[in-house]
Amino acid sequence: MTSRRAFYKDKTVLVVDDSDQIRSYVKSMLLLIGFDDAVLARDADMALSYCRRMSFDFILCDFHLGQGRNGYQLLEVLRTEKLLKPDCCFLVVSAERQRQAVHGMIEFQPADYLLKPFSYAELERRISRAYHTRHALQLAYQAISSGDYDDAILACDHVIEYKSQYVMHASRLKAELLLKLERFDEAEHLYQWALTVREFGWAKLGLAVTYGYQGKSEQAEALLLELSQQAETKVEAMDWLTRLYISQGKAKEALDVVEQVARYSPKNYLRQHVMANLAVVDDQKPLAVSVHQKLLASARYSMHDTADNMLNYARALLEVAKDQSEKERKETFGKIDNFIGTIKKRFHPASFEHDRLVLEARMLLMQGKTQKGLVLLESSEQLSLEKTLSVTGMLDRARAYYESDNLAMCEHYMAAIATVAHDDDLYCSALNLMMQHEKQKHQQLRQQAAASGSSHYSKAIDYFRYALEQTPGNVNIALNLLQAISAKEQLNVDLTELAQHCVEIIEGGWLPPDQHKRYQVILSHLEL
């Protein structure tokens, strides 16, 4: 007892629960276990505030936190902002039996789940188990936090060789790291070995994922369909099945699956977003509107609660308006105008004015008021020169320029999207399928432009060159100009020097991570 109390004495712990009584009750148990003190937070915002000021060894967080973010949304923000130590144990507490994810230890997995009501002994057992498992793999998690997956695998191998109690934990983490590094044959072998020990759900799911990456589509589909019928693996298996169908270009099948999993697990923002994108590809525009309307509610209080998220609903309405009669379209435009007024009440207009103008320009273009629409697009470009555009914002611009027959700018934004949608996840896979769908729609216009040579790209180059002359040293404009230059098949001396000038500006400035990825992709297309 003395040694256990001494162990917990210097550990920091945060309790997040919206009930005063439960926070007090859990704190009393933690003190009995041996903690010197416990920091208490009544909601996610207070917990975030504490985590930004100090590091915790343990976080016990209720799933439902009343108004505001829930426990998973809090974990997502903490991981995104890198506010958790590699060895921090985040335990989700809930009165409901949450379905534990069986794949993805590297990503947003909590260390454990604790069901209410629980006893002092159960709390101590779960905390101890989570800590010792995390501690055994501490070096691996430290390497992961640094992005060094090879070192993380070596750390897992050390645990497998010398710490028999944690062999399966280390094997599971190692297999996921092998997938990250695209060492699929090794990952398959490790999952197959784990299944000889026991039919672990995580191992069967990992094996199915490995089959998918290896192009063994029939084996992957059969195993994922089997796992989608089991409660433990249902949600993740259906997510991966969606990805499999997307990789095969089967938009309807992918949409059918993601609709099922969204009903089963309705609070996942990105999954709902995937469903909206697939609805567009499958030409089910009213469904896309419905999904984006639901996303307005599910994103509230989360990191996805942005003006851009709200604008997505208006953008979906605009796509529906394309197929409506003149009277219906007028009513839809009125609905969009009223909704934009709602956005203004929640977000400062300066944060989304550049995107709002694109929406208004598209409405004018649909009414045949081309010149007025082009004026608004020009104003939007001026406002957006120093801003980082969202993927959906860039897509809206590509559509606007397509609708105004400006292929140069349409191509510019489509290319920009392609350079940022590279993450290996369900959201990006659906986004890329939607990009393919958009490009197919634009094919005729591209063929017409190709018949007249590649000079149409010069319009975009001239526009961004002029913008850079007006604001020298602007990193965002330099990146856009470099993107436009990269679309040219051959560069003359003037364009080569201009591209090198853009590189100098970008290298001497700063880009957010997603735009830095875009920059690296653009560079790979240029020979400077």
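**Entry 1: D17**

I looked up the contacts of D17 (contact meaning heavy atoms within 4.5 Å) and, leaving aside neighbours within four places in sequence, found I22, R23, A41, R42, D62, L65 and K116. The model is predicted: local features need pLDDT of at least 70 and side-chain atom pairs pLDDT 80 or more, while totals for chains, interfaces and linings use all residues. Residues are numbered from 1 along each chain as its sequence is written, and side-chain values use heavy atoms, with hydrogens and water left out.

D17 sits in the loop between strand 1 and helix 2 (20-33); helices (H or I, at least four residues) and strands (E, at least two) are DSSP runs numbered from the N terminus. I noted D17 as buried, at a relative accessible area of 4%; buried is under 20%, exposed over 50%, and partly exposed in between, with a 1.4 Å probe and protein chains only. Its side chain reaches the backbone nitrogen of S19 at 2.9 Å.

I traced an open sheet of five strands, ordered 2-1-3-4-5, with parallel pairing. Two strands count as paired if DSSP finds at least two bridges between them. Strand 2 (39-41) and strand 5 (112-115) are at the edges with a single partner strand each, so one side of each has no neighbour in the sheet. On average, neighbouring strands are turned by 20° against each other, direction ignored.

Strand 1 (residues 13-16) runs parallel to strand 2 and is joined to it by three bridges. I checked L14 and found V39 as its bridge partner in strand 2.

Helix 4 (residues 71-80) packs on this sheet and touches strand 1, strand 3 (58-62), strand 4 (89-94) and strand 5. Its direction makes about 145° with that of strand 3; axes are lines fitted to C-alpha atoms, for helices over the stretch in contact, and angles run from 0 to 180 degrees between N-to-C directions.

I506 touches V475, A478, L479, L482, L511 and Y519, not counting residues up to four places away in sequence.

**Entry 2: helices 21 and 27**

I found that the axes of helix 21 (residues 407-420) and helix 27 (residues 513-524) come within 8 Å and cross at roughly 105°.

Notes:
A polar contact is a pair of N or O atoms within 3.5 Å; within protein, one must be able to donate a hydrogen and the other to accept it, and residues adjacent in sequence count only if both atoms are side-chain atoms.
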